[in-house]
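Work through these exercises with the sequence and the 3D view open. Try each task before you read its solution.

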Amino acid sequence: MASDRSVSAGAGLPTAIAEFLPLAVVAVVLMDAATDFFPDEPLVGILTPTRLALVVGLIAQAVPVPGRRRARLRDFRTRLDLPVVLLLLTAAATTYVGGHPTAPLRGLLTVVVCYYLVVALRRTQPASWRAIAVLALAGLSAASTTAFSQVTNGIPTGFCRTGLLTDVACDAGGSGVLVRATGTFSNPNLLAAFLVLLLPFVLLAAVSVDDRTARTAIVVLVLVGYGALLTTFSRAGYVAGAAGLLVLGGACRPAPRLAERARRRLFAVLGVLSLLLASGVIWAVSRAGNSLGVRGQAWAAALEIGAHRPLGVGLGRSGAVISATEPGDRVFVHAHNLWLNWLVETGPLSVCWRSR
């Protein structure tokens, strides 16, 4: 009896460690994405702290441990495998054929590895969704509270708008200027994208707890997150946030009650029309403030570059190439559009497969 207990205890510790490590790696990577607490400099060669953590997570998933099902190849497979492979191939072709630096390509590979680590974690540990929801809550809280601090304390971020969602210089906007919060990111659009992606997962955290007071606290933090989204003054972020709420609401509440297929289709059509209407209102208000001029220049330049550079200009080089293409002294960081940015950097083929 005693020997049986000692054997089970000995096998239990490796199992617990093997189950803990992948989740710990996801926690570290997510918090680093939210706060950038890891140094960007590599430890050895190209091995940064984030990549080292991902390697540890993958090894922990693949090593066989008694009492735990290790990840197999089928646990990593998803419906996005083919688009991901083609994206990597086009990115590699753009990088090596064009003779560009390989650092952005390594960054893309790091993101892909993180994606498949999370997929395998969810497949091998189905209950991990609760932990991932709590981790998303922690990352969102860090970014959103920092954003609110910038707005409430009037901390200049270098990004400002007026009441009509018009981009203005922070030092020349007058009394009506509004600071665009960046949170823990370099610009408000990145903050908006981060919040839009994490907010649905944070809502799952409210479902994962049974205590009413804990659920109330999570809902409050969710409201803070959506409030932080508003402080970015990102028009695309507003539309994406509304779309996320619509999809989540349709999946959790109305969908079970809409038994008839025709009613579900009606609900979907009404939702799409609502989003189009919201987008039209934001566009009209923005045009009233003449705020789309800069984006119009970037978009036109991106389309022109994409038409003449079938393999793209290289990862991370869209801003520099657009700046060189457009007349004047304005410096562009990117194309102000995700799809056009990939069109410029990796060419038309990559955009087609990303659209899938």
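**Exercise 1.** State what mean pLDDT the protein chain has, and which elements score lowest and highest.

*Solution.* Step 1: pLDDT is the predictor's confidence in each residue, from 0 to 100. The protein chain averages 79, and 78% of the residues score at least 70. Step 2: helix α10 (residues 254–257) has the lowest mean, 46. Helix α5 (residues 103–124) has the highest, 91. Helices here are DSSP runs of H or I with at least four residues, strands are E runs with at least two, and both are numbered from the N terminus.

This is a predicted model, where local features need pLDDT of at least 70, side-chain atom pairs count only at pLDDT 80 or more, and totals for chains, interfaces and linings use all residues. Residues are numbered from 1 along each chain as its sequence is written, and side-chain values use heavy atoms, with hydrogens and water left out.

**Exercise 2.** Find how many contacts beyond four places in sequence residues 1–10 have.

*Solution.* Step 1: a contact means heavy atoms within 4.5 Å. Step 2: residues 1–10 have zero such contacts in the model. Their pLDDT stays under 50.

**Exercise 3.** Decide whether Asp75 is buried or exposed, and list what Asp75 touches.

*Solution.* Step 1: locate Asp75 in helix α3 (residues 73–76). Step 2: its relative accessible area is 5%, so Asp75 is buried (under 20%; exposed is over 50%, partly exposed in between; 1.4 Å probe, protein chains only). Step 3: leaving out residues up to four places away in sequence, Asp75 touches Arg69, Arg70, Val119, Ala120, Arg123 and Thr124.
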